[in-house]
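This report describes a complex of protein chains, with attention to confidence, contacts and local packing. The sequence and structure are shown first.

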Amino acid sequence: MSENGNLFLRNLAGFWKTFRQNKLGLAGGFLVLVAVLVAVFAPALTDYDPSDIIRDANNRALTFAPPEVHGILGTDDAGHDVWSQLVFGSRISLVVGFMAGFIAMFVGSALGIAAGYFGGAIDSLIMRITDVLLVIPDLPLMLVLVATIRQMELKISPLAVLIVVIGLLYWTSTARLIRSQTLTIKERQFVARARAIGAGHWHIIRKHILPQLMPLIVANTVLILSTAILIESGLAFLGLGDPTKPSWGTMLNFAFDRSAISNGAWWFYLPPGIAILWVSLGCILLGNVLEEMLNPRLAAHHLEGEAGMIAIADVESKG
Amino acid sequence: MKTRYTFFAVVTLLALVLSACGGGAPATQVATEAPAADSGSSVLKIGWLGEPDTLNPAYAFLTEAYTVFDLIYSPLVTEDSSGNYVGALAKEWSASGDGMTWTFTLKDGLKWHNGEALTANQVAWAINAIMTDPDGWAALSGYVGGFSEVTAPDEKTVQIVTEYPIANMKYRLSFLYAVYPPDFESFTTPEDLQNFTNDKPIGTGRFKLTTFDKDTGVLILDANPEYVDGAPIISQVIYQKFDSSDAMIQALKVGDIDLLSDVPASAFETVKGFEGVTAVAFEGRSFDELIINDVSEDNDPAPTGNPALKDPAVRLALETAMNRQDIIDIVLQGLGTPGDTIVPPTLGGGFWHNPNIKTPEFSIEKASQILEDAGYVKGADGVREKDGVRLEFRLQFDVDSSNYPRIADLLADWYSQIGIKATPEGVNSDTLIAATTGVGDFDLVIWGWGADPDPDFILSIMLTDQFVIGGWSDAGYHNPEYDQLYLDQQAAVNKDERQEIIYKMQDMVYNDRPYIVLYYSNYLQAYRSDRFTNFIESPLGLDDDASLAQAKPVQ
C-alpha cells in the first residue's frame, strides 16, 4: 500500500509539472476554483439574503433597480438583490451539477467496467441499454421524468429529483469509454498473470483495472460536470427547478417570465448567463486538458517525449 | 404537452436572442409559425399567452374560449361597451307585466356560417338543450336557472317563460349562444357532449373560425360577409399563442403582431414607450386568488388536500402572512388594487362590492402567533405540525401566466417564515382544471377569474352544485346557506334588496376563505396604432366583438 501511495504522489507531482505548463488547463482550473470559492464563501460576499425584498424610502419594493441605484448588480423584478441571488445561486448550480456528475461517473464507470471485464451476455445487456439511452433525446426525456416524478408527490425535494434524473441519464458516454478501455487493459499480461495465480474478479478489478482507469475517469468526470450544470440550468430555466432555492437557471427563468428583456434589465439576465458560461467553460477546458494528459492513447499522439507524463506506462512496467 | 412546451421555449428563446443581437428581422421566426397571410394590412394579428381550452361552449372554462365564442356565436342580446344590453340576434324584445314571460323578435336575414337561414326554433333548441342536460352543459347551465319553458311560437319569435321574475335576464341571455343544432344533437350522455371538441364551429357571429391548431397555437377567424349587421372592416383575425411574454412583446415591437390582448404588468411601462404603439389600461373585472382546498370529505373522488387546510386558523394565517401591497408592487408593478371579496369593485360601478370587509394587516409575527395559538408546533426542520399533520402544502399555478410564478415564489417565502412549507409547482391549465373542478386533487392553487358585468356569475363559482367536472367551482366550497342566498338574489327584483343579499354572500365567502383574493388587476392592452385604428377602448377589451367590428387599418 505504501508503495502505491508513493507512486501516486510521484505521479501527482509529475502531473502538476506538466499541467502548469498548459495555459488552457490553468485557465479552466482557475474558473472552476473561483466558482467553488464563491459558493463556499457565499454568505461573506453579500449583505442580503437572496429572498430579501429591497425597499425604497416609502417602504415599497424596489423593482428593476439598475446597478447605479442599488448594490452591485441592482434588483430583479421582485426587488431581490441580484448579486446575492447570483452568489447563492452558485451553491445550487454547483451542488446539483457536482452531485449529478458524480452519480453519472459512478454509474458509468461501474457499468463500463462490468461490461468490458465480464463481456458476453452482461456486456451485450449493458451496451444495449446504453444504446437505447443514447438514442432517446435527453432533454425531452428528462423533462418528462422530472415532471412525472414530481407529480408522484414523493416527499423528495425538487433538487434531489433533478440530481437523480440527470445523474441516471448521463452515464452512457462514460460507460462506453470505460468499457473500451477496460477491454484493452484486461488483455494485458499483468492481468493474465494475476488471473493465473488465482486472483478473483473483484481483486483484479480493484487492484489492476481500476487504477489504470482512474485518470480517464477523473478527466471524464470533469467534462460531465459541465454538462450536468448546463442541463440543470436548462431544466430550471424551463421551470423545473426549485423556485425557493434559486439557481442560475431559475434566475433566467424569472428574467424571461417577468419581461426582463423587454425592460432592458440586463443586470438581471446577463449575470446568471455569464456565470453558467464561466463554470461550464472552466470544466470543459479543465476536462479536455486532463483528458489529453491522462488518456494514454491521446498521450501517445500529443505528448510524445514528455517523460514526466508517462505515468501510466510507468505503472504498467511495474505491474 | 411537455415537449411542445420545450420546443416553444427553445424557439422563442432563439428568436429572442437573435432579435436582441441583430435587430428586428430574425424575430419574424416567431410569426412564421402562423400561416402566411396576405400582406394586406386588413389582417389583424393578436398575440396572447393562453388559448381556448375547447371550442365547445358546453364546458369551456378559460376566458380565451369566451373571447372566441363572442366573435363566432351570437346570443339573443349582448353587452355593449358602455355596459348596456343591445340586440344581437334579437331585433326587439318585451317582458310581460309580471316579468315572467319574455318575448324576442329576431332580426331579418340571419344566416349560419354555412349559408343556411337561422330559425327561431333553432335558437329555442339551443337554450332548451342547456335546460334539459345541465350536467352536460355544465359551463352554461348556471345562466338558465329559473327558466321553465323556451318556445318558438313562429319563425321570428322566441319566448322564454321563467319560474320567477329574473332580475338580470339580459345579462344571462348574453351567454346563451345560438349553437348550430346539427352539431350538438347527436350526443346522448353528458360525457359524449363534453368530449366533443367542436373544432369546426358553425355560428352566426361576425367572424367564422377557419383554423384552430393547438399544436402551433394559431387560431384564425375570417370575417363573415353575410353577418346580419354588416361585415367587419378587417378581413381576418389571427390569434397567436406565445409561451413567453418577452417574445410576445418583442413581436409587437417589431410589428409581427398588431395587438396584445393582455400586456404583462411588468412590461406595461416599456410597451407604452414603443414607437407606433398605443398602450391602454382599463379598470378590469378580474382578480387573482389563492384557492384553498375546501372540498367536502364526502366528495367522490375523495379530495387529497392537506386536512390542516380545513382549519380556519391556518387559513387566517395564510392570509395574514401575505403582503398584498408587495404583491401588487412586484407582480403588477403597482397597476392594481388590493383584493378582498370575490365581487370586484368595478361591477355595476361599485354597487355590488361589499365595502365593509377588512382584510388583516400583513404581519409575520401575528401569523406565527395564530398558528402557535391553534396548537401547531415547529418541528426540527422548522415546519409546524399538530397531531401528526404537517403544514406542508403543494402550491400550484398556471404556467401560462407570467405573474403566478412570482406570486408563488413570494408566498412560499413568507409562508416559510411562519413555519409553513409551500412547494411551488407550475402546471399547465388543462392539468389544473382536471385537478380542481369536481376532483379536489390540490392543496393551494394560484389562479384568477374574470367576472361578468353582473355579479351573478362570479357568485355562482362558490355554489355546491358547481363542484362537478366541467362546472365552475374549483375550491369546492359547500355551504347550503350560501346556495340558498344565491337563489334569493336571483329572485330579488328590488336592487337594494339584492345588494343586501350579495353583501351577505361576500361576507360568508370572505370569512370562510375558500379563496384569498390577492388583488384586482387592471386590464392592460396595447396595439400598433400606426397600423390599426378605431378600436373601442372599453373594459370589454380592444378585441371585443363590437370593437373588432369597427377597427380599421390605417391608410
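## Confidence of the model

Within chain B, confidence is lowest in helix H1 (residues 2-22), where the mean is 33, and highest in helix H10 (residues 312-320), where it is 96. These values belong to a predicted model. Over residues 1-40 of chain B, pLDDT stays under 50, and the model has 59 contacts beyond four places in sequence for this stretch. Where pLDDT is low, the predicted coordinates should not be read in detail.

For chain B the mean pLDDT is 87, and 93% of its residues reach 70 or more. For the complex, the predictor gives an ipTM of 0.77 and a pTM of 0.78.

Chain A contains 14 helices and zero strands. Of its 319 residues, 49% are buried. Among the contacts in chain A with a separation of 6 or more, 72% come from residues 24 or more positions apart.

The contact between the chains takes 26 residues from chain A and 31 residues from chain B. On the side of chain A that touches chain B, at least two residues each come from helix H6 (138-151), helix H10 (201-240) and helix H11 (248-257) of chain A. H6(A) gives the most to this side, with six residues. By residue type, this side of chain A divides into 13 nonpolar, eight polar and five charged residues.

## The largest nonpolar core

The largest nonpolar core has 246 residues, and those with the most contacts inside it are B:Leu76 and B:Leu411. H10(A) gives the most to this core, with 19 residues.

What surrounds B:Leu76? Leaving aside residues up to four places away in sequence, B:Leu76 touches B:Ala88, B:Leu89, B:Ala90, B:Phe104, B:Val123, B:Val158, B:Leu173 and B:Leu176.

## Strand pairing in chain B

Strands of a sheet pair through backbone hydrogen bonds, either parallel or antiparallel. In chain B, strand S6 (residues 147-154) and strand S7 (residues 157-162) run antiparallel and are joined by five bridges. S6(B) and S7(B) form a hairpin, with two residues between them. In this pairing, B:Phe147 stands opposite B:Thr162 in S7(B).

An open sheet of three strands in chain B has the order S14-S15-S16, with antiparallel pairing. Strand S14 (377-378) and strand S16 (389-390) of chain B stand at the edges, each with a single partner strand, so one side of each is left without a neighbour in the sheet. Strand S15 (residues 384-386) of chain B is joined to S16(B) by two bridges, the two running antiparallel. B:Glu385 stands opposite B:Arg390 in S16(B).

## One face of helix H14 in chain B

Helix H14 (residues 429-436) of chain B has as its buried residues B:Leu432, B:Ile433 and B:Thr436. Seen down the axis of H14(B), these buried residues fall within an arc of 100°, so they line one face of the helix. An α-helix has 3.6 residues a turn, so residues three or four places apart point the same way.

The cover over the buried residues of H14(B) includes strand S17 (392-398), strand S18 (421-427) and strand S19 (444-450) of chain B. H14(B) is followed by B:Gly438, whose phi is positive, near 80°.

## Two residues in different surroundings

Is B:Arg324 buried or exposed? B:Arg324 is buried, because 20 other C-beta atoms lie within 10 Å. B:Arg324 is found in helix H11 (residues 324-331) of chain B. Apart from residues up to four places away in sequence, B:Arg324 touches B:Pro338, B:Phe362, B:Leu518 and B:Tyr519. B:Arg324 and B:Phe362 are 38 residues apart along the chain, and their C-alpha atoms are separated by 7.7 Å.

B:Asn534 counts as exposed, because it has 12 C-beta neighbours inside 10 Å. B:Asn534 is found in the loop between strand S21 (532-533) and helix H18 (545-550) of chain B. The residues that B:Asn534 touches, not counting those up to four places away in sequence, are B:Gln550, B:Ala551 and B:Lys552.

Definitions and conventions
Residues are numbered from 1 along each chain as its sequence is written. Chains are lettered from A and ligands numbered from 1 in the order in which they are written. This is a predicted model: local features need pLDDT of at least 70, side-chain atom pairs count only at pLDDT 80 or more; totals for chains, interfaces and linings use all residues. Two residues are in contact if their C-beta atoms, placed from the backbone, lie within 7 Å. Helices (H or I, at least four residues) and strands (E, at least two) are DSSP runs, numbered from the N terminus. Ala, Val, Leu, Ile, Met, Phe, Trp, Tyr, Cys and Pro count as nonpolar, Asp, Glu, Lys and Arg as charged, and the others, Gly among them, as polar. A nonpolar core is a set of buried Ala, Val, Leu, Ile, Met, Phe, Trp, Tyr and Cys residues joined through C-beta atoms within 7 Å. Two strands pair if DSSP finds at least two bridges between them. pLDDT is the predictor's confidence in each residue, from 0 to 100. The arc is that of the directions from the helix axis to the C-beta atoms.
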